[in-house]
Amino acid sequence: MQSENWDLEDIQMSGELIILTIYGPASYFELHGSCFGHQYMLANEYAKSIGVGIRVDVSRSQKELIEKLEKGEGDIIVYNLNVSDSLRSKVTYCGEKEITCFMDSLLKMKTVSSFSSSDNMAWAVRKQSDNLAHSLSSWMLNNRNSFFDMATVTISDRKGNKILPRRNVYAPALNLAKGEISVYDRIFKRYSIACDWDWRLLAAQAYQESAFDCNAVSWMGAMGLMQIMPATAKHLGIEEDDIFNPEINVRGAVNLIKELNSHYSDIADRSERRKFILAAYNAGPGHVDDARTLTAKSGLNPNVWNNNVDGYVLKMSDERYYNDPSVRHGYFRGEETYKYVYDIMRRWDVYRKNGK
């Protein structure tokens, strides 16, 4: 809890900027140990400009954001707040023109869809934080033309060279009649034993991840044959220089699958458990667990994927569901995860039926 006169100098002395926000695709979300969201990324750049780190405090509503700010539980509301004259006596709005313009641009790009383009939007600080308000407003004004660059994920190697997103679109099986799927079949066969999977299921997942492109990089920073995120690679002990090595990448993915298998050990049916493992590989176990919680809350079976948990996974990009009090990890792109699981299962079926 901050003192009533807490301002920019105090934030810099503490070394930490506390932002108040709400889960959402344009505000803030988590994926595999990394933080994303256009506005979060802007706030992170502002924090760097004043020489501090950043901490996130998530609320469920704009009313809660205002209450937390007034109580001194955070420094800045980093969210597309609806500008209201009735609140001007309580908060200082920052970046009204810049945030409104930025959010309108995201709306036109169909990145967001939960507000009207006629809204005036801004961030906010406490009324007493004059220096912070001036610093933030000046930073926004001076950097508004760079907002899109700041809010776009960039991946660099150890030398600072930028790695551009890339991925093959299509990679047909080599010769299914002979049981040949890809040039990496030897690797899949070797490491699938460790997680007790059919090697063709691992191959089907690799196709879904990278279309067998060992140098693939996603727009969110996932890399290699099995599209491992940097934070996940670190957790798995994969060195940065090794992440594009097919064998090391697959071995890391299999170790992650083994961890997820343990995480979902309460699901007795192995065929069901595989679907949950795949979903968690894509979205993270926290998000899948949230969908299971909502499934159980609705009276359906949280241990069954088809026509049970899959339906709530689809709903996890809807704010009515990701802001539910029982949801701990907020927004994620459920439609992508839903498609991911079913596409892999269908491809695995094709590989089994047509191969040896």
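Guide: Let us begin with a pair of helices. The axes of helix α7 (residues 185-195) and helix α10 (residues 246-263) come within 9 Å and cross at roughly 25 degrees. This is a predicted model, in which local features need pLDDT of at least 70, side-chain atom pairs count only at pLDDT 80 or more, and totals for chains, interfaces and linings use all residues. Residues are numbered from 1 along each chain as its sequence is written, and side-chain values use heavy atoms, with hydrogens and water left out.

Visitor: How is a packed pair of helices described in general, and what counts as a helix or an axis?

Guide: Two packed helices are described by the angle between their axes and the distance between those axes. Helices (H or I, at least four residues) and strands (E, at least two) are DSSP runs, numbered from the N terminus. Axes are lines fitted to C-alpha atoms, for helices over the stretch in contact, and angles run from 0 to 180 degrees between N-to-C directions. Angles under 35 degrees count as roughly parallel, over 145 as roughly antiparallel, 65 to 115 as roughly perpendicular and the rest as oblique. Helices α7 and α10 are therefore roughly parallel to each other.

Visitor: Which hand does the crossing of α7 and α10 have?

Guide: The crossing is right-handed. The term applies if the near helix is turned clockwise from the far one by less than a right angle, and left-handed applies if anticlockwise.

Visitor: Which residues make the contact of α7 with α10?

Guide: Contact means heavy atoms within 4.5 Å. From α7 come R186, I187, F188, R190, Y191, A194 and C195, and from α10 come P246, E247, V250, R251, V254, I257 and K258. By class, this contact of α7 with α10 has nine nonpolar, no polar and five charged residues. Here Ala, Val, Leu, Ile, Met, Phe, Trp, Tyr, Cys and Pro count as nonpolar, Asp, Glu, Lys and Arg as charged, and the others, Gly among them, as polar.

Visitor: At what angle does α10 pack with α11?

Guide: Helix α10 and helix α11 (residues 270-283) pack at about 120 degrees, their axes 10 Å apart. That makes α10 oblique to α11. In this contact, A253, L256, I257, L260 and N261 of α10 meet R273, I277, A280 and Y281 of α11. The residues divide into seven nonpolar, one polar and one charged.

Visitor: How do α2 and α5 pack?

Guide: Helix α2 (residues 38-49) and helix α5 (residues 130-143) pack at an angle of about 115 degrees, with their axes 11 Å apart. That makes α2 roughly perpendicular to α5. Residues L42, E45, Y46 and S49 in α2 meet L132, S135, L136 and W139 in α5.

Visitor: What is the strand order of the open sheet?

Guide: Two strands pair if DSSP finds at least two bridges between them. The open sheet of five strands has the order β4-β1-β5-β7-β6, with mixed pairing. Strands β4 (53-59) and β6 (91-94) stand at the edges, each with a single partner strand, so one side of each is left without a neighbour in the sheet. Strands β5 (residues 76-82) and β7 (residues 121-126) run antiparallel and are joined by four bridges. Within this pair, L81 stands opposite A122 in β7. Helix α4 (residues 96-108) lies across β5, β6 and β7.
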